Amino acid sequence: MRPTSEDDLAEAILGAHAALSIRGGGTRPIGTAEGELLETGGLSGVTLYEPGALTLVAKAGTPLTEVEAALDAENQRLAFEVPDMRGLLGTRGESTLGGIVAANASGPRRIASGACRDFLLGVRFVDGAGTVVSNGGRVMKNVTGYDLVKLMAGSHGTLGVLTEVSFKVLPKPEAAATLALHGLSDAEAVAAMAAALGSPYDVSGAAHDPAAGRTLLRIEGFTRSVAYRLEQLKALFPGHEITEETEAAAVSALWAAVRDVAPLQGRTGDVWRLSCKPSDAPELAARLRAEALLYDWGGGLVWALLADGTDARARLGAFAGHATRVRGTGGVPAFHPDPAPVAALAEGLRRRFDPRGVLNPGLMA
Amino acid sequence: MQMPAPDASILARKDQIVARLREVLPASAVISELSETRAYECDALTAYRCPPLCAVLPSSTEEVSAVLKICHEEGVPVVPRGSGTSLAGGALPTADSVILGVAKMNRVLETDYANRIIRVQTGRTNLSVSGAVAEEDFFYAPDPSSQLACAIAGNIAMNSGGAHCLKYGVTTNNLMGVTMVLMDGTVIELGGAHLDAPGLDLLGVICGSEGQLGVVTEATLRILRKPEGARPVLMGFAANEVAGECVSDVIKAGVLPVAIEFMDRPCIEACEAFAHAGYPMCEALLIVEVEGSEAEIAEQLEKIIEIARRHNPVELREARDEDEAGRIWLGRKSAFGAMGQINDYMCLDGTIPVSSLPHVLRRIGEMSEEFGLKVANVFHAGDGNMHPLILFNANEEGQLELCERFGAEILKLCVEVGGCLTGEHGVGIEKRDLMHTQYARADLEAQMAVKDVFDPRWLLNPAKVFPLDASESRRTFAIAAE
């Protein structure tokens, strides 16, 4: 099914008697999807864009490329840096805004600017009973009632099917530069990234690629300011082997590779995504005995390639954080299980929002 | 303001309930004499008062859990309270409720500069969180005006903002984890030093839930390194519209100031008379602050001033030193105090799309004439969060009601132009009955469904957020179930 209006979508859900598998662009599938396909691609188009208010509203099935083109024309962007997962997951198609929100997909800038959920101002969605619900709005500060906007971000279509989303957008910076530290061990790299992120120089990306032996730090802003901060940042690491990149396209390519997990692309195996306290990352990564690793978010995000069917959680043991399997199938669930009382709350919410259990049933449970 | 009638059976069981609470708390932490419970009869929305059944001041998560367990068993409503600075009546008790104050729980549990977090008990005040990390040049970004007094617990409940959230975001963007006690006494942990939720983002919905889903006892907060410096520029304009256009142009130009504050003539006059900050007498004043190194500040201010010049400012004053910066902020920071000196006032908190600023200010001016009440506007212009202050005389019969009607009209206007009822203060009881203007029945039902899951008996912070008619069936059902 591919409804072309919110009303039709509501009717489709109301009329469903068995599981529906909800899909935006199908570029970032996770877990096992079962049931009749319900696509949101038919709900498309930017409905409001006010550059002076930094606000964009679009229907959920709007392709990311269309939104990026509109923002580009005004020299603005989605600041949370949407990862393109097609290379890693071997998928095709066009990523949609609704799918991005449903996955709370956020790239390297998440540590500095925030995640997708932090830029999401409002949502409209159809719940499992076919009821249209609106929450939040199009203004930047809004504490009117409960924040279902955050709840919907990252709910992977299990609470409702998004029909419209509003975002806070940001101006593109005039310049960007990247500092690369070479030859650091994982532990040294995480410490270096912590020093950079704890500096007053507004580092907007901090990643470490162990295979390339390279630790990347990004700075963005006005040209003179970027040049100043780059020098200051360099001075934090005396005696290190350092190179710098200030050419716009090259900086952009470096971070697209981090964002899209390029070092793990084109290789077989399962891909896991670990969210942890940054300083714990090297030790946790060692426990994984991974075939390939990539650290982002100053170490707070670890991508790991493991042999097919490996239970990463079993290797990790108890730790503060969570591990999600983003590629591969196996005996263990894709999403990290919540502790019992939290799982009970989540299950309670799913039952209330989707009483008949038709929306991606079992996906996150 | 209508509140539900207190449950007579609870009032009749007061002694028994207090005795049970005394079994789990030290004697000094249970306050039940009317002479003492009066201290908890209201928050900063002082027009509404009601002493609670009793007040408890637990010292630990375990004690909070024990208290909630008893109240759950006894079917007694609980009103969580941080420092009681809510302007929306978020901590207003009912006569049959137990006030649960977190004021004694104010310790710093952990500071971790490498991972840029601090973990605190939630009774700690907002400013003292920044104070705890100041020695390493770090700070906690959300800065509500009441930051000297307000508690992190209340900040989380209301998702508080502040003047600097244009750059740093509000509480929800800086909150990484909580320890929370559910109404039945269950203790849960959400988030922590790591980012994002493993499953549903429950932390996101708890922040801003006005104490109706649980009592947050500990919080992990993101801390940031202080910028090298900050400096404001003050600009005066001949019309509100022009100032509004200037704000929009600054934002479009890609400069991201940490704050853009707006004051209109009535506000400028009051502040000047009170604080003698040397403000120019004009229709609209902007204070724009930028951060960074000396050179970066100069570069950004240069761009901002160039934009401002295109709008023919009647005054442009760049702070050359700390002292001048202090004076530029002095008037703005004393705005509420200045208003309080000349009159009683009601502070509104609606948000509007920045593009609607001139229209909304004009309509407020017209309504001010119609209602015969003066309004001073001071607000966070960069994000459209307005703070109209309606001046009235509380001692004059009918003026409070007139003022409330006027306020409601302004908030309806905010919703009409695509904005919302409250940008950072919360709904509480103040905006409760206006929720229908912003949300359809189904929208409120979805929010109340969340409450049903976390607090099935609807005992936490009763009669707030949702219009009484919308929540009635749930509240009566919850009572009938007992």
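This is a predicted model: local features need pLDDT of at least 70, side-chain atom pairs count only at pLDDT 80 or more; totals for chains, interfaces and linings use all residues.
Q: What does the radius of gyration say about chain B?
A: Chain B holds 19 helices and 18 strands, and its radius of gyration is 23 Å, close to the 23 Å that the globule rule gives for 482 residues, so the chain is as compact as a globular protein of that length. Along its principal axes, the C-alpha trace of chain B spans about 70 × 55 × 40 Å.

Q: Which residues touch the most other members of the largest nonpolar core?
A: That core has 213 residues, and those touching the most other members are Val101(A), Leu120(A), Met152(A), Leu202(B), Leu221(B) and Leu286(B). Its largest share, seven residues, comes from helix α18 (residues 441-454) of chain B. Leaving aside residues up to four places away in sequence, Leu286(B) touches several residues, among them Met235(B), Val247(B), Ile260(B) and Phe262(B). A second, separate core of 53 residues includes Leu179(A) and Trp255(A).

Q: How many residues of chain B are in contact with chain A?
A: There are 74 residues of chain B in contact with 68 residues of chain A. Helix α18(B) gives the most to the side of chain B that touches chain A, with nine residues, and by class that side has 33 nonpolar, 28 polar and 13 charged residues.

Q: In the sheet of seven strands, is the pairing parallel or antiparallel?
A: Strands of a sheet pair through backbone hydrogen bonds, and the pairing can be either parallel or antiparallel. Here the seven strands of chain B form an open sheet in the order β15-β12-β14-β13-β17-β18-β16, with antiparallel pairing. Strands β15 (315-318) and β16 (344-347) of chain B stand at the edges with a single partner strand each, so one side of each is left without a neighbour in the sheet. Within the sheet, eight bridges join β12 (residues 230-237) to β14 (residues 284-291) of chain B, and Leu234(B) stands opposite Ile287(B) in β14(B).

Q: Which strands does helix α11 of chain B touch as it packs on the sheet?
A: Helix α11 (residues 265-275) touches β13 (259-264), β14 and β17 (375-380) of chain B, and its direction makes about 90 degrees with that of β13(B). Helix α16 (residues 399-416) of chain B lies across β16 and β18 (388-392) of chain B, running at about 160 degrees to β18(B).

Methods: Residues are numbered from 1 along each chain as its sequence is written. Chains are lettered from A and ligands numbered from 1 in the order in which they are written. Helices (H or I, at least four residues) and strands (E, at least two) are DSSP runs, numbered from the N terminus. The radius of gyration is taken over C-alpha atoms; the globule rule is 2.2 Å times the number of residues to the power 0.38. A nonpolar core is a set of buried Ala, Val, Leu, Ile, Met, Phe, Trp, Tyr and Cys residues joined through C-beta atoms within 7 Å. A residue is buried if 20 or more other C-beta atoms lie within 10 Å of its own, exposed if 12 or fewer, and partly exposed in between; C-beta atoms are placed from the backbone. Two residues are in contact if their C-beta atoms, placed from the backbone, lie within 7 Å. Ala, Val, Leu, Ile, Met, Phe, Trp, Tyr, Cys and Pro count as nonpolar, Asp, Glu, Lys and Arg as charged, and the others, Gly among them, as polar. Two strands pair if DSSP finds at least two bridges between them. Axes are lines fitted to C-alpha atoms, for helices over the stretch in contact, and angles run from 0 to 180 degrees between N-to-C directions.
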